[in-house]
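This briefing covers aromatic contacts, backbone angles and surface charge in one protein model. The structure comes first, then the points by topic.

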Amino acid sequence: MKFGKCNHYGIVVEDINKAKEEYSKLLGIKKWYMLNATPFEEFEYKGEKRNCEVTLYFGGKGTTKIELIQTRGDSNYYTDFYATHGEAIHHIMYNTKNLDRDIAEMEKEGYTMVQRAKFKAGGAGVRYAYMTKNDTEVTIELIETTLPLGIKKGDMPFELQLGCLTGSHKRVK
């Protein structure tokens, strides 16, 4: 199994706007983008359906991005993580062109899928899964994005700027 470059580091926060300002000042991030996503078509945590709202902001410098995550609603992987660790790095994210295959490969390596979801953003279908060996080890997020005409996105330069053009992201700072 081989993944491309790390796409982002996800940080669970309680107040996304406050966190955006703090990380802007601390890390010198001038531009932030919010993911414009439809409500989840599917959202499962540890095999159980959940009713959640998640707000995601992306910012960074160069190819290094961070994702700020604020969630509301039913308990999920983010809320449980925040209750245990507070504001901290939650996961490392990689794009994949075949989510099901990569989940199966990681399961062969002893990883378990703890949360998965499906939604739409800017006309694209998005599915993700969080994989970990247990809740105390590093979590890998795998995201499969299917563009119109069935094209699998994979890694893409200028992803956030392109997202503004397609409507999947909105600039918030």
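Helices (H or I, at least four residues) and strands (E, at least two) are DSSP runs, numbered from the N terminus. Leu149 falls in the loop between strand E10 (140–147) and strand E11 (151–152). The model is predicted, so local features need pLDDT of at least 70 and side-chain atom pairs count only at pLDDT 80 or more, while totals for chains, interfaces and linings use all residues. Residues are numbered from 1 along each chain as its sequence is written, and side-chain values use heavy atoms, with hydrogens and water left out.

**Positive phi**

- Leu149 has a phi near 70°, a positive value in a residue other than glycine.
- Leu149 is exposed, with a relative accessible area of 85%; exposed means over 50%, buried under 20% and partly exposed in between (1.4 Å probe, protein chains only).
- Lys46 also has a positive phi, near 50°, and sits in the loop between strand E3 (42–45) and strand E4 (48–49).
- Lys46 is partly exposed because its relative accessibility is 49%.
- Most residues other than glycine have a negative phi.

**Aromatic pairs**

- The whole structure holds seven aromatic pairs, where rings of Phe, Tyr and Trp (its six-membered ring) pair if their centres lie within 6.5 Å, and planes under 30 degrees apart count as stacked, over 60 as edge-to-face and the rest as tilted.
- One of them is Tyr77 with Tyr130, which is tilted because the ring centres are 5.8 Å apart and the planes at 50°.
- This pair links distant parts of the chain, with Tyr77 in helix H2 and Tyr130 in strand E9 (residues 124–132), 53 residues apart.
- Tyr77 is buried at 4% relative accessible area, and Tyr130 is buried at 0%.
- Tyr78 and Tyr130 make an edge-to-face pair, since their ring centres are 5.7 Å apart and their planes at 85°.
- That pair also links distant parts of the chain: Tyr78 is in helix H2 and Tyr130 in strand E9, 52 residues apart.
- Tyr45, Tyr77, Tyr78, Tyr128 and Tyr130 form one aromatic cluster.

**Surface charge**

- Glu14, Asp15, Glu22 and Glu87 gather in a surface patch of negative charge; patch residues have over 30% relative accessible area and no salt bridge, and like charges are joined within 9 Å.
- A salt bridge is a side-chain nitrogen of Lys or Arg within 4 Å of a carboxyl oxygen of Asp or Glu.
- Glu87 lies in the loop between helix H2 (77–85) and strand E7 (88–95), and is partly exposed at 36% relative accessible area.

Methods
Patches are made of residues with over 30% relative accessible area and no salt bridge: like charges are joined within 9 Å, nonpolar side chains (Val, Leu, Ile, Met, Phe, Trp, Tyr) within 5 Å. Accessible areas come from the Shrake-Rupley method with a 1.4 Å probe; for residues, only the protein chains shown count as cover. Lys and Arg count as positive and Asp and Glu as negative; His and the chain ends are not counted. The place of a charge is taken as NZ of Lys, CZ of Arg, CG of Asp or CD of Glu.
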